[in-house]
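Read the following with the sequence and the model open side by side.

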Amino acid sequence: MTYPRLVLANLGRNKLRTALTGGAIMLAVMLVCLLLTMPNGLDAIMNRVSSNTRISVHNKAGIVYPIPYSFARKVRQVDGVEAAVATMWFGGAFEEEGKVTFPNFTVEPEHIGAVYPDYNVPAAQLADFQRYRDGAIVGRQTMKRYGWKIGDRITLRSTVFPLSLDLRIVGEMPNEGSPLLWLSREYLDQALKARGFRGLGVVTSIWVKVRDPNRVNQVMRAIDDLSRNSSAETGSETERSFFASFFGSLQGFVKIILIVTGLVTLCIIFIAANTASMAVRERATEIAVLRSMGFSRHAIFTTLFAEALVLSTLAGVLGVALAWALTGALRAFSGWSAALGPLGSFMVTTPVVIQGVSLSLLIGLLAGSVPAYGAARRPVVEVLHEVF
Amino acid sequence: MKSRAVLLPISYSVRNLRTRPARTLMTAGVIALVVAACSLLLALISSLKRTLVTTGEPMNLVVLRKGSGNDGSSMLPMAAFRAIRFWNGIARDGLDRPLISPELVVQPFFRTLDGGRDNVLVRGVEPMALAVHPDVRVVEGRMFTPSSGEAVVGRGVVGRYVGAAFGSELQFGHRRWKVVGIFEAGGSSFESEVWVDVRELANDAKRTWPYSGFRLRAATSTDLGRLQRRIESDPRFALEATAETDYYAKQAESANSLYVLVIGIAVLAGIGAGFGAANTMYAAVQARRAEIGTLRALGFSRVAILTAFQIEALALSAVGFAMGALLAVVGASLVRWALGNITFNAATFTTNMVTLRLSLADLRSAFVIALLIGVAGGFGPAWRAARLRPVEALRHG
């Protein structure tokens, strides 16, 4: 019998125990992987939505504070700025739903395409957006959800302006996950004036595309200097930092989740070590016999150690695979229930796979080494005495 | 045949746990870690719920622009407020003024003490707001005086932001505000807010429409329903009126996916620990085959053996629970001490401060989890022990 076969045979000796231990390790590794996807998931979301050459210019006091619309023109003249677009939350509710179900903003149709080239809106549709005052460009997720197609007419009732606007869908953002809707700022401005209100003198954000990634900080400083000592001083930040601040207050949660991950890891190390020591205790006689037949301590240690390692690695790999399958399923079903929605963004990425497999190796190392070492070192005579 | 099965004494099961203390402690340790992890997660959920859901008065209505869902993204025309404030059915105070509180919600940046930045919910109100929100009590200092640049801050805000302390100056929006009072609101999410004069806030934030919405107190519960219907059906203004308790319960739904997650974690960890417990018990059965055979030969029934092993497993999980509960209590205080309040983003994108508190109810649920681990992990081995044939058990044991 070769050593590898001996290890496998030993694992198969008490199948129930091997299965229970393997199952516990598998579940725990899966759990840890799922928990690890959360901080990674937040990072992935931010990387997906943000570009490193786009910056957000907003009032230093907060993102809901206004800045004068005229400031957008000044920003466009700043050296290094490729394009800039003034945007404002419209808070439009689709009539049939009665509440705001997707984010919608007023934008400047003539500038939006140059600031968001990565959104891949076809040039012809962008041209239509500029041609038709009542045009709107909608993300594919929202298009699918309501079964809209290009050319459809819809009505959005604003929750922040006292009016409703009739819109014509002229384009689509091809990203499957995009819920956004853009409409024309001028259209809203004229509609407000037509109803006797003051027009839109202000915006809440100006999004800026910077030509050279190395000059982003310089451009941000130049823009903020322009507004210094005005009634609306601006604070510029990169798109990534802008989105990061939305998730910033989740840090406490992430910490608790990491604590729980630590507890669960400790827990499986206990389970696996417990099993390994049981196996060793039961086989005390056999080990003593092997030793007296001439097998070295080294050989005994290696076989026992390998047993724990093989079990935890196999179980760990299964656990990682299960986590992968589960996040995939969550992604597929996230459309079904609002409670599942955000969970659908979490993905088992390569780093998570590596972390999960390393964790199972670590469990095997820690859980297997102590009992195997103890067993290999026990004096043969003593054990045989106990037995016979 | 005996009419009643003689059970083994409970001390038999308990004493058995003591014969292999290392293994018992190891398994109890596994259960303890799972109990601790689950208790912390349960405490997180219940603390969140306490903060988000217990906010609000059942007799209050939240009136907002239709479809806005929360007061952070609603704007209300002045005319609507002017018309509705004198409607019948609104409760009145001692001076016969209607209990109606126009409010403006703005989310400015606040500097945190550690150099970060949060969106904080600043509520512009009139002094009448304290009568409409009776849970909100100024506990230190006094309520602000209108038009004098004063602010009162919630208990949760104090100590988290630069200048958020009694008597300090707080910088937000375009100016500085003097903190003249600190209020509490029974741990609800109002405590994560800053209140200032509504007109000063509208000026500072340059709002065209000065109010986000208003809150009113209905005189009776029939008036509540009547006012709600009348406000929502008035064709002049597109408004929605929600009972304040329902409004906050709805805001708390943003935490729902968190609950799904937490329950999922607890179930997975629980099953894993159940496997661990089953392992220990199977080994115990295996090690005591001869003993079981003897007991059966002495006349103890299968039920007696089954019960004895099941009790052993339950005792094991009880020990695990006791250790785990202790660990969770220590853990929760450590989290409170090391991290302070846990911040949570509500639907308004403003920061809510949640204090992690481990309640008795959380521990009770964790106890149920520990018992389930004991039952699930112990039944299989106990069943096997009960089914051992006495003769074979004696021979091979």
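This is a predicted model: local features need pLDDT of at least 70, side-chain atom pairs count only at pLDDT 80 or more; totals for chains, interfaces and linings use all residues.

H1 covers residues 3–13 of chain A and H12 covers residues 297–333 of chain A; the two pack with their axes 9 Å apart and at an angle of about 60°. Angles of 65 to 115 degrees would count as roughly perpendicular and those under 35 as roughly parallel, so H1(A) is oblique to H12(A).

Which residues make this contact? From H1(A) come A:Tyr3, A:Leu6, A:Val7, A:Asn10 and A:Leu11, and from H12(A) come A:Thr303, A:Ala306, A:Glu307, A:Val310 and A:Leu311. Seven residues of the contact between H1(A) and H12(A) are nonpolar, two are polar and one is charged.

Chain A as a whole holds 14 helices and 12 strands. For its 388 residues the globule rule gives 21 Å, but the radius of gyration of chain A is 31 Å, well over that value, so chain A is more spread out than a compact globule. The C-alpha trace of chain A spans about 105 × 45 × 30 Å along its principal axes. Of the 388 residues in chain A, 43% are buried. Among the contacts in chain A with a separation of 6 or more, 79% are between residues 24 or more positions apart.

Chain B can be described in the same terms. Its secondary structure consists of 12 helices and 14 strands. The radius of gyration of chain B is 30 Å, whereas the globule rule gives 21 Å for 397 residues; the value is well over the rule, and chain B is therefore more spread out than a compact globule. Along the principal axes, the C-alpha trace of chain B spans about 95 × 45 × 35 Å. Buried residues account for 50% of the 397 residues of chain B. In chain B, residues 24 or more positions apart supply 82% of the contacts with a separation of 6 or more.

The two chains meet at an interface in which 51 residues of chain A are in contact with 61 residues of chain B. On the chain A side, the elements that give two or more residues are helix H2 (15–49), helix H9 (239–247) and helix H10 (251–282). Which of the elements gives the largest share of that side? H10(A) does, with 16 residues. By residue class, the side of chain A that touches chain B divides into 33 nonpolar, 13 polar and five charged residues.

Note on methods. Residues are numbered from 1 along each chain as its sequence is written. Chains are lettered from A and ligands numbered from 1 in the order in which they are written. Axes are lines fitted to C-alpha atoms, for helices over the stretch in contact, and angles run from 0 to 180 degrees between N-to-C directions. Helices (H or I, at least four residues) and strands (E, at least two) are DSSP runs, numbered from the N terminus. Angles under 35 degrees count as roughly parallel, over 145 as roughly antiparallel, 65 to 115 as roughly perpendicular and the rest as oblique. Two residues are in contact if their C-beta atoms, placed from the backbone, lie within 7 Å. Ala, Val, Leu, Ile, Met, Phe, Trp, Tyr, Cys and Pro count as nonpolar, Asp, Glu, Lys and Arg as charged, and the others, Gly among them, as polar. The radius of gyration is taken over C-alpha atoms; the globule rule is 2.2 Å times the number of residues to the power 0.38. A residue is buried if 20 or more other C-beta atoms lie within 10 Å of its own, exposed if 12 or fewer, and partly exposed in between; C-beta atoms are placed from the backbone.
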